[in-house]
Each structure stands twice: as C-alpha cells, then as structure tokens.
Amino acid sequence: MSNVHLINHPLVQHKLSLMRRKDASTSTFRTLLNELSSLMAYEVTRDMPLQDVEIQTPLETMTGKMIDGKKLVFVSILRAGNGILEGMLNVVPGARVGHVGLYRNPETLEPVEYYFKMPQEMEERDIVIVDPMLATGNSAIAAVTRLKQLSPRSIKFVCLLTCPEGVAALQKAHPDVPIYTAAIDRQLNAQGYILPGLGDAGDRIFGTK
Ligand code: URA
C-alpha cells in the first residue's frame, strides 16, 4: 500500500466516526462531510507547487508564496463526489471543477460513461478526483483511465473510506495514482458495500433513502 495516504488526524477520525453512525441525520452527515473534506484538502494539497509573487505589505514590498489554484481541478464522480466538492472549494476557492458520470451496465457490470465535462487545457492541470467511497474500484479505475486520455500533469484520488479490495484494484490498474483516505475498512460485502462502512454515501448526503 505504498501509494496510500491514510489521513489519521484526530479531527478527521472524530468526524468520520460521527458520520458513520446510523442515526446521523442528513443535515449532520452533510455538515460533517463538508468539514471533513476541507480537512482532507489540506493533506491533498500539501505538495502543491508554490510560486513567488511580489506583494506590498503596509510597510514594504516582499516576495510571497502563492499556489495557482486555477491549475487544480477537482473532479467529482457523480453523484456522491459532489458531497466533497464544497469543503474542498472552501480551502481552494480558485480550483476548477469537472464531473464524471458513470453507471454500471447490468449485463456486463462494466462502468459506462454518461457524462463527462472538464475545464479546458487539462494537460496543464493537476487533478484531484473525489468520491466518498472507494469500494470495488470500478468507477475510480474508469474515471482515471478516461482522465489520463487528457494527459493532465498529475492525478490523485481522494475518498473518505475504502477497503483492501478497492485499494488493490485501483493500485493494480493505476499504480501511479496516489490514494488519500481517512480509513481502510475491513472488507467489501457481496453487494459491493464497505464493511463496517457508513452505508450508501449518496443516499446519506442527499437524503434519498
Ligand atoms: N458506495 C457507497 O455509497 N457505500 C459503500 O459502502 C460502497 C459503495
């Protein structure tokens, strides 16, 4: 698991446990996800390149450091990925946003793309793909494969939760893509849910169940 970054900051772990609880309301779940996403954004952007910028303080001129947020693209895997966007954008408001929509073909079980919208000039950008759950890894693999066709500068994958099966699948298909997660749970069940997990992330974010 060399390319896996476990974000074990106490605040992240605390909020994740609150979110997992089955009696957390939709609004609590969403608020916590928002807060957690901002905290995760700190870790994911830790190695972002800085540029020297001439600035004027009230006293004199100096060379400050700034990131170029516009080079960063958060790519949400629909629909649950959208739950992570707001918290990340609070930390990097200049970032661009892309969306990938995939559904599973019931016969082949392969992911099929139904939506794909990205900013221009992707070859100059660093991509952070967001999806709360890395479970079977099928959507993540399909999204990374598709995004690589645009030759971005880099790709990272961020989730709240994953499992050994999901990590192994994504790493096998795309060993160059680092995975950032707040937890690696015990296992995937036969229905493709993570155990102990937190249930269906999309339903919990949007209150659809
Ligand atoms: N997607 C979810 O929302 N939850 C899981 O446990 C697995 C995939």
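A disulfide is defined here as a pair of cysteine sulfur atoms within 2.5 Å. In this predicted model, local features need pLDDT of at least 70 and side-chain atom pairs count only at pLDDT 80 or more, whereas totals for chains, interfaces and linings use all residues. Residues are numbered from 1 along each chain as its sequence is written, and side-chain values use heavy atoms, with hydrogens and water left out.

A search of the whole structure returned 0 disulfides. The closest cysteine sulfur to that of C159 belongs to C163, at 9.0 Å, which is too far for a bond. C163 is accordingly in no disulfide, its nearest cysteine sulfur being that of C159. C159 has 0% relative accessibility and counts as buried (under 20% relative accessible area, with a 1.4 Å probe and protein chains only). C163 is likewise buried, with a relative accessible area of 0%.

The ligand is surrounded by M133, A135, G192, Y193, I194, G199, D200 and A201 (a residue is near a molecule if one of its heavy atoms lies within 4 Å of it). By class, this shell comprises 5 nonpolar, 2 polar and 1 charged residues, where Ala, Val, Leu, Ile, Met, Phe, Trp, Tyr, Cys and Pro count as nonpolar, Asp, Glu, Lys and Arg as charged, and the others, Gly among them, as polar.

A polar backbone atom of I194 is 2.8 Å from a ligand oxygen atom, and a polar backbone atom of A201 is 2.7 Å from an oxygen atom of the ligand. At G199, a backbone N or O atom lies 2.8 Å from a ligand nitrogen atom.

Terms used:
Buried < 20%, exposed > 50% of the residue type's maximum accessible area, 1.4 Å probe, protein only. Polar contact = N/O pair within 3.5 Å; in protein donor to acceptor, adjacent residues only side chain to side chain.
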